[in-house]
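Thank you for making time for this. I would like to walk through one structure, going from the overall picture to a few local details.

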Amino acid sequence: MRKKPLSFRHFKQFGEVLLFQLCRGTPTHADARRRFHFDLARDPRHDISRPWTKAFFRLLILVGVATASAILPASAQQEAPKLKVMATFSILGDFARNVGGDRVDVMTLVGPNGDVHVYTPTAADAEAIRNARLVIVNGLGLEGWLPRLVESSGSHATTVVATHGIAPRKIAAGEILSRDHGAGSSDPHAWQSVANSEIYVANIRDAMVAADPANAATYRANASAYQAKLQALDRDVREAVARIPAERRKVISTHDAFGYFAAAYDITFVAPQGVSTETEPSARDIATIIAQIKNEKIPAVFLENVSDPRLMRQIASETGAAIGGTLYSDSLTKENGEAPSYIEMVRHNIRTIASALAN
Ligand SMILES: [Zn+2]
């Protein structure tokens, strides 16, 4: 069979391969490269086995790669860059890492053991937020300091409100816990109900899919796998609570961060400090709590990683209640701590509560 000479089509395809080098990773050009190689290497009409033909095509490819390398900065030639995500605090950062996996680069503004209620952003935060594509926030009034930071940074990131679709717990009038927020305002600590966290994860997944559709399947699969773990966690918490005698399901925590946990799992929480760590309890608030602990024979008080422990030690010594340990409400710990991830945080909290209230 007589071999056909190279046609215009082949040079057109070579141009597409050059384009592939320029826009490496996009499916269209990956496909062009495959067609080019298929046509030249597999089509029996073209004798590519001859040494000079082989050498010629190798040279063509080399020229293509060299041209693309010379034109483009190194970063554009590597794999598609990771989606840059900024989360306001450590718990949201953990959700984002679980959904995004290795396709995202997650940073948090308020890191482990930090207090998201009273954060003061730095110049480096403004720089980091300017480079982010997604900013994940809790909403419900938690990050009062954020809007000014986003505005001053000149960020064009999409803001994702992770609590979107969650029924907020309203702070009731007359609650001792409501001095810092008016009655009727929302309690921001919605992640303390594990069922709510599944909604957080769904919102984060949808935002990542919209921002980076090329990796949609990965985000969906990661989110489903993580939500299955959350469902198992929710079942485990319910089982642990069920083993605590009903009359002993009462807990004193420093700031009122467990309202959603209390509602979801039927444990009574009382906190002298209100829903934010921002305000100090008055002497009258503390006297009321002390009276309540004595009247209701509340067995244990708990410390927090984001609150000053002295108040709870004082309450414990005046009431005879035991210090039940540390509960983690608003912030994870570092890797070597008791609560380095959301799931470990919830497991630690329920273990600590159950053992303090057991007998
Ligand atoms: Zn809080």
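Let me begin inside the protein, with Ala96, which, leaving aside residues up to four places away in sequence, touches Val85, Ala87, Val104, Val106, Ile136 and Ile204. Please keep in mind throughout that this is a predicted model.

Ala96 belongs to the largest nonpolar core, which has 74 residues, and together with Val85, Ile136, Ile204 and Ile252 it is among those that touch the most other members. Helix α13, residues 342-357, supplies the largest share of this core, namely seven residues. Since both domain 2 (83-231) and domain 3 (243-357) give residues to the core, it lies between them.

To set this in the context of the whole chain, there are 13 helices and ten strands, and buried residues account for 38% of the 359 residues. If we take contacts between residues at least 6 apart in sequence, 60% of them join residues that are at least 24 apart.

Now to the helix pairs. Two packed helices are described by the angle between their axes and the distance between the axes. For helix α5 (residues 90-100) and helix α9 (residues 216-242), the angle is about 125 degrees and the axes are 7 Å apart, which makes α5 oblique to α9. On the α5 side the residues involved are Asn98, Val99 and Gly100, and these meet Tyr219, Asn222, Ala223 and Tyr226 of α9.

The other pair is α9 with α13, where the angle is about 5 degrees and the axes are 10 Å apart, so that these two helices are roughly parallel to each other. Here α9 makes the contact through Lys229, Leu233, Val237 and Ala240, while α13 contributes Ile343, Val346, Ile350 and Ala354.

Next, which residues of helix α12 are buried? In this helix, which spans residues 310-319, they are Met312, Ile315 and Ala316, and because they cover an arc of only 100 degrees around the axis, they sit on the same side of α12. After α12 comes Gly320, and its phi is positive, near 80 degrees.

That brings me to backbone angles in residues that are not glycine, bearing in mind that most residues other than glycine have a negative phi. Asp266, with phi near 60 degrees, has a positive value, and its place is in the loop between α10 (259-265) and β8 (268-270).

To close, I would come back to α13, which gives the core seven residues and is roughly parallel to α9.

Methods
Residues are numbered from 1 along each chain as its sequence is written. This is a predicted model: local features need pLDDT of at least 70, side-chain atom pairs count only at pLDDT 80 or more; totals for chains, interfaces and linings use all residues. Helices (H or I, at least four residues) and strands (E, at least two) are DSSP runs, numbered from the N terminus. A residue is buried if 20 or more other C-beta atoms lie within 10 Å of its own, exposed if 12 or fewer, and partly exposed in between; C-beta atoms are placed from the backbone. Two residues are in contact if their C-beta atoms, placed from the backbone, lie within 7 Å. The arc is that of the directions from the helix axis to the C-beta atoms. A nonpolar core is a set of buried Ala, Val, Leu, Ile, Met, Phe, Trp, Tyr and Cys residues joined through C-beta atoms within 7 Å. Domain bounds come from an automatic or database domain assignment. Axes are lines fitted to C-alpha atoms, for helices over the stretch in contact, and angles run from 0 to 180 degrees between N-to-C directions. Angles under 35 degrees count as roughly parallel, over 145 as roughly antiparallel, 65 to 115 as roughly perpendicular and the rest as oblique.
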